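Here's a quick briefing on a protein–DNA model, sorted by topic. Have the viewer open while you read.

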Protein chains: 2
Amino acid sequence: MPGELPSVDIAEDPRISRTRRAVLDAAVELLVEGGADAVTIDAVVARSKVAKSTIYRHWDTRDDVLLAALHACGPDLEDPDPALGTVEALRRIVRSVAEMTSDPVTARAISTILLLRLERPSLQGLEPDLEKDQIKVLRRVLDRGVEEGVIRPGYDVQQASAHLVGPLIFAHITGSLPSDEALADQTVEVFLAYYGTGRG
Amino acid sequence: MPGELPSVDIAEDPRISRTRRAVLDAAVELLVEGGADAVTIDAVVARSKVAKSTIYRHWDTRDDVLLAALHACGPDLEDPDPALGTVEALRRIVRSVAEMTSDPVTARAISTILLLRLERPSLQGLEPDLEKDQIKVLRRVLDRGVEEGVIRPGYDVQQASAHLVGPLIFAHITGSLPSDEALADQTVEVFLAYYGTGRG
DNA sequence: CAGGTACGATACGGTATCGTACGATTCAGT
DNA sequence: ACTGAATCGTACGATACCGTATCGTACCTG
């Protein structure tokens, strides 16, 4: 029955993992090339060389394949080295966001996830934790900044993330300017001009 | 032949304007309810009570209907009163962006335009001027701010717009926090902390 | 009121996509 | 080598669209 979690303990039939991999790779490729609408079962069949009946033995529906593909190439924010200063840690975080938007795969995944949430509430399970994880990372860094006297206490994490990430996402989505390291660093400076204590 | 601009001088057959109106209203409704994919010709026929053959006498293709609907409810940024101070003018601009994201029709139009640009580069004519108009408005206000000594000279308009609008769009798209007047005002403050001279 | 124009209703061919069914085939593990 | 599971290939039914065609009707304009 599709939809179950693979048990990690038992060695898996190599055919299964091969199929999963081939399908997901093809789905991600199609996603990057043509967006969510391009991830069609028939297209995945053609690209992956996996039979349709086999795909439907692994996933219940087309949307499940799409979700799996999105999940497979979803962005991941790393916790920065605690040894770094708060400002530098912030820079690393925001830069990594810029990097995500540079990588075509991740960039497409981000856009698709964000905009698909609006267009098709049917696809709910869309990375709800992803965001929360990143918020956690950010809060950790900012709280340390408060302790160090670099960040003004009483900040709102959601607002802070909007000001730190919003400009980059905006730049990426609209294509009005490159979402690169320069913009990332500048965004951090803008952020610190308001959220900082000046003692950083 | 469809696709022509209606000549405004000559009084139009009321049947024509009635049909155009009915179709566009229905298309916008469908767009708001279900996104771009929901704007199908058959759905528009059902909703508008206009015959399919009639619709195709006014527009060449489905995509043209969708574009017309998007154009009909596209956002519009007003030039703020020159009598207002630069800071207040900025606030007005950013607040109006927040308002757009609050209005379900405009919000949906924005998301759809952004999404379609990524998913279907074929649909070119997608409001290319819209953005430029808004950039012009912003540049006008900021240049005045520079003259008044409130804004640091040498700013980059694209960057400025990213920092002014990005957080609101981000908030709206992710739903992580309300994209309201409060966030708008705060965003202006963050902006001024960096782009301002402190003399505002 | 007469003629032209827009509209309505409906049917149709064509394409794309989904998800299912089923027998044949290959392959992994014992 | 044997057995069962995974896969293949393909055909199929069911929708949902698109865009066209036809023809009769309603309505605006001169």
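Among contacts in chain A between residues at least 6 apart in sequence, 63% link residues at least 24 apart; a contact here means that two C-beta atoms, placed from the backbone, lie within 7 Å. Heads-up: this is a predicted model, where local features need pLDDT of at least 70, side-chain atom pairs count only at pLDDT 80 or more, and totals for chains, interfaces and linings use all residues. Residues are numbered from 1 along each chain as its sequence is written, while chains are lettered from A and ligands numbered from 1 in the order in which they are written.

**Chain A overall**

- Chain A has nine helices and zero strands, with helices (H or I, at least four residues) and strands (E, at least two) taken as DSSP runs and numbered from the N terminus.
- The C-alpha trace of chain A spans about 60 × 40 × 25 Å along its principal axes.
- Of the 200 residues in chain A, 36% are buried, as in 20 or more other C-beta atoms within 10 Å of a residue's own, with C-beta atoms placed from the backbone.

**Around the DNA**

- DNA strand C has 23 residues around it, and the closest are A:Ile41, A:Ser53, A:Arg62, B:Thr19 and B:Ser53; to count as near, a residue needs its C-beta atom, placed from the backbone, within 6 Å of the strand.
- Two or more residues each come from α1 (14-34), α2 (41-48) and α3 (52-58) of chain A, plus α1 (14-34) and α3 (52-58) of chain B.
- α3(B) gives the most to that surface near DNA strand C, with four residues.
- By class, the surface near DNA strand C has seven nonpolar, six polar and ten charged residues, where Ala, Val, Leu, Ile, Met, Phe, Trp, Tyr, Cys and Pro are nonpolar, Asp, Glu, Lys and Arg are charged, and the others, Gly among them, are polar.
- DNA strand D also has 23 residues around it, with A:Thr19, A:Ser53, B:Ile41, B:Ser53 and B:Arg62 nearest.
- For DNA strand D, α3(A) gives the most, with four residues.

**Core and helix packing**

- The largest nonpolar core has 104 residues, and A:Ala27 and B:Ala27 have the most contacts inside it; such a core is a set of buried Ala, Val, Leu, Ile, Met, Phe, Trp, Tyr and Cys residues joined through C-beta atoms within 7 Å.
- Beyond its neighbours within four places in sequence, B:Ala27 touches B:Val39, B:Val44, B:Val65, B:Leu66 and B:Ala69.
- In helix α4 (residues 62-72) of chain A, the buried residues are A:Val65, A:Leu66, A:Leu67, A:Ala69 and A:Leu70, and their cover includes α1, α2, α3 and α6 (104-119) of chain A.
- The axes of α1(A) and α6(A) come within 9 Å and cross at roughly 75°, using lines fitted to C-alpha atoms over the stretch in contact and angles from 0 to 180 degrees between N-to-C directions.
- A:Val28, A:Leu31 and A:Val32 of α1(A) meet A:Pro104, A:Val105, A:Arg108 and A:Thr112 of α6(A).

**Where the chains meet**

- 28 residues of chain B are in contact with 30 residues of chain A.
- On the side of chain B that touches chain A, α8(B) supplies the largest share, 13 residues.
- That side of chain B has 15 nonpolar, ten polar and three charged residues.

Methods: Buried ≥ 20, exposed ≤ 12 C-beta atoms within 10 Å, placed from the backbone.
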